[in-house]
Amino acid sequence: MRPPTIVLAWLLATPLAAPSRATAAPAGEVRAWPGEEMPLPLAVRTPQDLAVKAAAEKQYLIFNLLAGGKLAFDGGDFATAAAKWEALLRVPGLDPDLEKLIRPLAHDARARAGGQATAAAPTGAPAGAAGVGPAVSSAARAAALAPLATVSGTVSGGGGQGPGGAVVWLKRASGETPHPAPAHGKVVSQRSKIFVPHVLVVPVGSKVSFKNEDPIFHNIFSLSKPNEFDTGLYKQGATYTQTFKRPGVVQLLCNIHSSMLGFVYVVDTPWYAQAEASGAFTIKGVPPGEYEVSVWHEAATKPTTTHLTVGADGVHGLALRVAGDRRAPQFLPDKSGKPRQSHLGY
Amino acid sequence: MPEEEPINDSEGYSPEGGGAPAGLSINGYIDVGFAKAQGDGTSFAPGDLRLPADYGVDTFATAVNSRGDVASTDSNGRFVNGFLPRSAGIGGRPSFLLNTLDVDLRYVTPGAPLMLFSRVQFLPRFTGDGDATRVYVEQAFGRLVPFDSQELAIAVGKFDSVFGIEYLDNQANIRTGITPSLVARYTTGQSIGAKVFYRVQIAPAWSALSLNVAATNSGNFVESLQPPDASLGDAPVGSGRLGYELNTPGVQAKLGVSGMYGPRNDQYDRSALQQAWGADLRVAVAGLALAAEYVHVDEDEGGIKTTSLGIFPLASAFYARGGYVQLAYALAVDVGPLRKLTVYGRYDRRHAAFGGYTPITVDRFTGGLRLDLWESLILKGEYLDNRELAGAPTVANNVLTTSLVYSY
């Protein structure tokens, strides 16, 4: 028996340990790592040759998983990075210093990948392969391995505007909430001097394009810290793209048109939804566990937050309420913060 | 490979109507205050017996609120000629004030680029016979934006001045500080007529040019007694402002020149003219806001002066030159209910004279603090240090005033 070779064979056989090169590398971002083919073409003529080959292959695999994970991470392919580093952590006899270095990186990569691949992690890991997966409690890990559930319900309130557009999101009551994958292709148009959509929810790190569909200039901006931005003047058909890196509400305004008002709400969780006009909402892919559920609405001065237990069957018919205690602002500011009277000028 | 999408992806939400402003909205504010003026609350020097009394003093010195009401205009029975500003009637006594109850109605017509706006104000004032409340229709107009592709707006009705920049800050819930400048009387009045606003953007230079012109029954003076709504002569007053805006991400700068020309508000004789020109500047950068304005005013001598309180025999020629510089620094904070803290200071100076009377030069230093609480409450306090530099006796007429504005 050559235990290292067996372990290597298992690692390479798992989807996590040997992702295809096509899935590992977004075009132009991550180079396919050339050395994942095993075994190495080393001649074995003596027991010493065998020992040398086994040792070399182990080091070779460690190197490949270590460096390949880094390349994938740097290229933004967090799922591949997490898979490579999690596989690395399963290598028996891994240097403790290296394990100490990689474990938080793997955890971070898994969180950035949406935190959901953990549930699909191989369950056939060798006994004694301590440290497999993210560094979470056994209960949390068990929850993560359980089937994902759905949380649905209805938001009420919102004053005269009604509950439509309310943003609902879940965060773990204890422990770290996975970092969400950014959304792509999100657009807020300016159409007839109105933001369309009026409210958009995106995960943190998402890029949102602001597209001018009016035959006049717009100058979209936000003073909402820490997501403030300023598109400058841009004409019909032009698009400005902004990346929202921090969670929170982003009030959208136009420096030219003092009546224009919209919102982007940035969440730092993969579990979120936006209520329909009726208030109905659905959040998918929620691991069972304990959560804080929050609701934001433009007509409420602050989000409301309550505790929620999600079982294996999910939660259905959840009733949430937002206050309607905040009126639409009377005067919207220009980008220097000065209130404007919309009945004046243009 | 396709980019990974969040499992809970959303395309956003737009309410019925797309999120356009509500058809009818009702807003406004309540402005209450507490003020104390030195002396008897006027600028009349006890030993100065010149007549008319209001031609020899700084009648606007003891302002206590955003409307420019002064603490007192009590001349102890001496003859005045109708130029006195509005009075809160508190004299030199420390007093709580109910400055303004403002009600704004705005209606956006569905399916048409038309907006109707009215601003009605209830003005409780203290009189010798007890409290008296005036109901004042400050503005009422319709505004049409006829073209989707042009920044063009046409308004007809009673509306704000188009001269200078201080009219933008007339209201207590908008104004950085409490009191208006010493030249506000010449630029911030409302009139009935028609106005046109046009602006063109110069995108490569982050700039815009704008033109705002009006033809109205009367000029943009704030008249305390006479009815500026009426057109006594048979010709309108023309006024306008040409503006330039620089809007970069870090700096906003706005420049403008204004002019006004037409018959005096208080004359049936159209040959007695009022003329004014001015220049203004605003710069905003990193929480600092600088605003400055210069105004140059001339009124011809006229015949009998017609006011809502009667007929006065004199319509002297008048001129005024003056301006102000205001610097404010706003700091966004989030401490308890405090949302923003603003410190501000302003220097005003005015040189003016009625024909045949001694020119008067005065100035004023104003310093204040403003606290924005929650989203609807503003607490302001300021001190006005008034100085008579030439042509008028020195009077103890400094003012300490505060204002609490609740917007709804």
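Predicted model: local features only at pLDDT ≥ 70, side-chain atom pairs only at ≥ 80, totals over all residues.

Visitor: Helices, then. At what angle do helix 4 and helix 5 of chain A pack?

Guide: About 145°, with the axes 8 Å apart. Helix 4 of chain A covers residues 78-89, and helix 5 of chain A covers 96-112.

Visitor: Is the crossing of those two left-handed or right-handed?

Guide: The crossing of helix 4 and helix 5 of chain A is left-handed.

Visitor: Which residues in helix 4 of chain A meet helix 5 of chain A?

Guide: From helix 4 of chain A, the list includes Phe78(A), Ala81(A), Trp85(A) and Leu89(A). By class, the contact of helix 4 with helix 5 of chain A has 10 nonpolar, no polar and 5 charged residues.

Visitor: Switching to the two chains. How many residues of chain B are in contact with chain A?

Guide: 44 residues of chain B, against 53 residues of chain A. Strand 3, strand 5 and strand 6 of chain B are the elements giving two or more residues to the chain B side. Strand 6 of chain B gives the most, with 3 residues.

Visitor: And what is the class make-up of the side of chain B that touches chain A?

Guide: That side has 19 nonpolar, 13 polar and 12 charged residues.

Visitor: Now the sheet. What is the strand order in the open sheet of chain A?

Guide: The order is 5-11-10-7-8, five strands with mixed pairing. Strand 5 (199-203) and strand 8 (229-230) of chain A are the edges, each pairing on one side only.

Visitor: How many bridges join strand 5 to strand 11 of chain A?

Guide: 5 bridges, and the two strands run parallel. Pro203(A) has Val267(A) in strand 11 of chain A as its bridge partner.

Visitor: What about cores? How many residues has the largest one?

Guide: The largest nonpolar core has 50 residues. Val264(A), Tyr265(A) and Tyr272(A) are among those with the most contacts inside it. Strand 11 of chain A supplies the largest share of this core, 6 residues.

Visitor: What does Tyr272(A) touch, leaving out residues up to four places away in sequence?

Guide: Its contacts include Val167(A), Val168(A), Val201(A), Val267(A) and Ile283(A). Tyr272(A) also touches Asn8(B). Apart from that core lies another, of 39 residues, including Phe60(B) and Val362(B).

Visitor: Which residue of chain A has a positive phi although it is not a glycine?

Guide: Lys193(A), at about 60°. It lies in the loop between strand 3 and strand 4 of chain A.

Visitor: Why does Lys193(A) count as partly exposed?

Guide: Because 19 other C-beta atoms lie within 10 Å of Lys193(A), and buried takes 20 or more.

Visitor: And Asn76(B), buried or exposed?

Guide: Asn76(B) is exposed, because it has 9 other C-beta atoms within 10 Å. Its phi is also positive, about 55°. Asn76(B) is in the loop between strand 1 and strand 2 of chain B.

Definitions and conventions: Residues numbered from 1 in each chain as written. Chains lettered and ligands numbered in written order. Axes fitted to C-alpha atoms, helices over the stretch in contact; angles between N-to-C directions. Helix = DSSP H or I, 4+ residues; strand = E, 2+ residues; numbered from the N terminus. Left-handed = near helix turned anticlockwise from the far one by under 90°. Contact = placed C-beta atoms within 7 Å. Nonpolar A, V, L, I, M, F, W, Y, C, P; charged D, E, K, R; others polar. Pairing = 2+ DSSP bridges. Core = buried A, V, L, I, M, F, W, Y, C linked by C-beta atoms within 7 Å. Buried ≥ 20, exposed ≤ 12 C-beta atoms within 10 Å, placed from the backbone.
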